Amino acid sequence: MLNLSDQAPLGAVRVFAVAARFGNFKRAAAELGVTPTAVSSQVKSLERFLGCQLFDRNAQSVTLNEPGRQFAEACDAVFARLDKAVQDVRQTASRTSITVGVGALIGSQWLSKRLFSFWQHFPETGLHLQYSPGGVEFSDGQTDMMLAWGDGRWPGLISEPLLRFDTSPIISPSLLEGKSALTNPADLLTRPLLHWKDQFDWLEWFAAMGVETDGRLPGVVIDDSSVLLRAVLSGQGVSLGLLPLVQNELHSGQLIRPFRDAFTPSRSYHLVYPPEAMEQAQLKAFRDWIVEEAGLK
């Protein structure tokens with residue numbers, strides 16, 4: 001650890017960073033609300049501390065030299081991190097709600113049934129469920145966490161397995177009327193297939209059932225789980241249903257399972273969040289709560 005006498009004079013570093021940004025002591029002085037002489041004095045004190053000049057000086061102007069450019073880049077990086085830390089601390093101190101990105105089906109059939117539990121645990125914290133039918137995305141700066149379907153691989157993010165559901169083909173009775181019965185899994189290749197997000201789940205299911213495909217399947221790919229379910233209900237095709245999320249439609253007879261065997265897919269729902277999220281007490285508490293709700297604790 002550096003002694004106090006070894007540490008750079010922070011006031012002089014700040015003045016230097018402004019002077020380096022403008023390339024002009026007079027403009028830096030106007031920005032800082034001091035005189036050009038004061039800027040020059042602070043820069044000289046920093047140069048004495050570092051043991052080298054940071055500017056090349058002539059009668060009319062100053063220009064950053066190579067050591068000056070290197071130090072200016074380092075200062076920019078440090079002050080950028082400091083600014084972010086200030087914003088993060090302010091956000092944490094003023095946080096009154098948590099924003100969770102969630103798809104329509106998992107939101108309506110699983111998370112919505114646990115909102116009272118959330119309120120009991122966090123009566124002072126608001127919860128914003130953000131409809132997110134697409135991919136995992138945190139660039140908006142507003143989303144704190146997401147419930148996302150996938151294999152757990154989202155580069156640069158933390159993902160924790162949360163919910164693994166059995167799946168099975170589901171179809172509207174209207175799509176079976178006047179057609180030959182579905183007696184084995186291969187028969188589904190003669191019906192319109194509806195895919196959620198991509199073809200992976202159907203390809204995995206057919207492989208598990210011993211049905212050969214060439215790695216590609218016909219059909220329509222739908223990103224939005226609610227649109228997919230509506231399409232199946234209206235007889236537009238057959239889909240793989242996550243069984244706990246379509247129990248109401250199965251019990252009412254709106255949908256049927258042509259094959260009784262369930263299959264556990266390799267993909268599942270994950271709780272996904274940036275690594276720094278766990279530095280915020282409310283987000284960590286939410287993470288612990290939802291993991292417990294999922295029966296993983």
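1. Contacts of Q109. In this predicted model, Q109 touches L245 and N248, not counting residues up to four places away in sequence. Q109 belongs to helix α5, which covers residues 104-109. Its relative accessible area is 18%. The cut-off for buried is under 20%, so Q109 counts as buried.

2. Confidence. The protein chain has an average pLDDT of 89. A score of at least 70 is reached by 93% of the residues. Among the elements of the chain, helix α4 (residues 66-94) has the lowest mean pLDDT, 79. Strand β7 (residues 167-170) has the highest, 97. Read the α4 region with that value in mind.

3. Packing of α2 on α3. Helix α2 spans residues 25-32 and helix α3 spans residues 36-50. Their axes come within 8 Å and cross at roughly 105 degrees. Angles of 65 to 115 degrees count as roughly perpendicular, and therefore α2 is roughly perpendicular to α3. On the α2 side, the contact is made by F25, K26, A28, A29 and L32. On the α3 side, P36, V39, S40 and V43 take part. By class, this contact has 7 nonpolar residues, 1 polar and 1 charged.

4. The five-stranded sheet. An open sheet is formed by 5 strands, in the order β4-β3-β5-β11-β6. The pairing is mixed. From one strand to the next, the twist averages 25 degrees. Strand β3 (residues 97-102) runs parallel to β4, and 6 bridges join them. Within this part of the sheet, G101 stands opposite Q130 in β4.

5. Strands β7 and β10. These two strands pair in the antiparallel sense over 4 bridges. I170 stands opposite S239 in β10. In a regular strand the side chains alternate between the two faces of the sheet. Strand β10 covers residues 239-242. S239 and G241 point one way from β10, and L240 and L242 point the other way. All of these β10 residues are buried.

6. D201 and its surroundings. Which residues does D201 contact, leaving aside its neighbours within four places in sequence? The partners are W149, W196, L240 and R267. L240 is one of the buried residues of β10. D201 itself lies in helix α7 (residues 200-208). With a relative accessible area of 12%, D201 is buried.

7. Backbone of K197. Most residues other than glycine have a negative phi, and most peptide bonds are trans. K197 is not a glycine, yet its phi is positive, about 75 degrees. K197 sits in the loop between β8 (194-196) and α7. Is K197 buried or partly exposed? K197 is partly exposed, with a relative accessible area of 26%.

8. Helix α8 and what follows. Helix α8 runs over residues 225-233. Its buried residues include S225, S226, L228, L229, A231 and V232. An α-helix has 3.6 residues a turn, so residues three or four places apart point the same way. After α8 comes G235, with a positive phi near 80 degrees.

How values were computed. Residues numbered from 1 in each chain as written. Heavy atoms only, no water. Axes fitted to C-alpha atoms, helices over the stretch in contact; angles between N-to-C directions. Parallel < 35°, antiparallel > 145°, perpendicular 65-115°, else oblique. Contact = heavy atoms within 4.5 Å. Nonpolar A, V, L, I, M, F, W, Y, C, P; charged D, E, K, R; others polar. Buried < 20%, exposed > 50% of the residue type's maximum accessible area, 1.4 Å probe, protein only. pLDDT = per-residue confidence, 0-100. Pairing = 2+ DSSP bridges.
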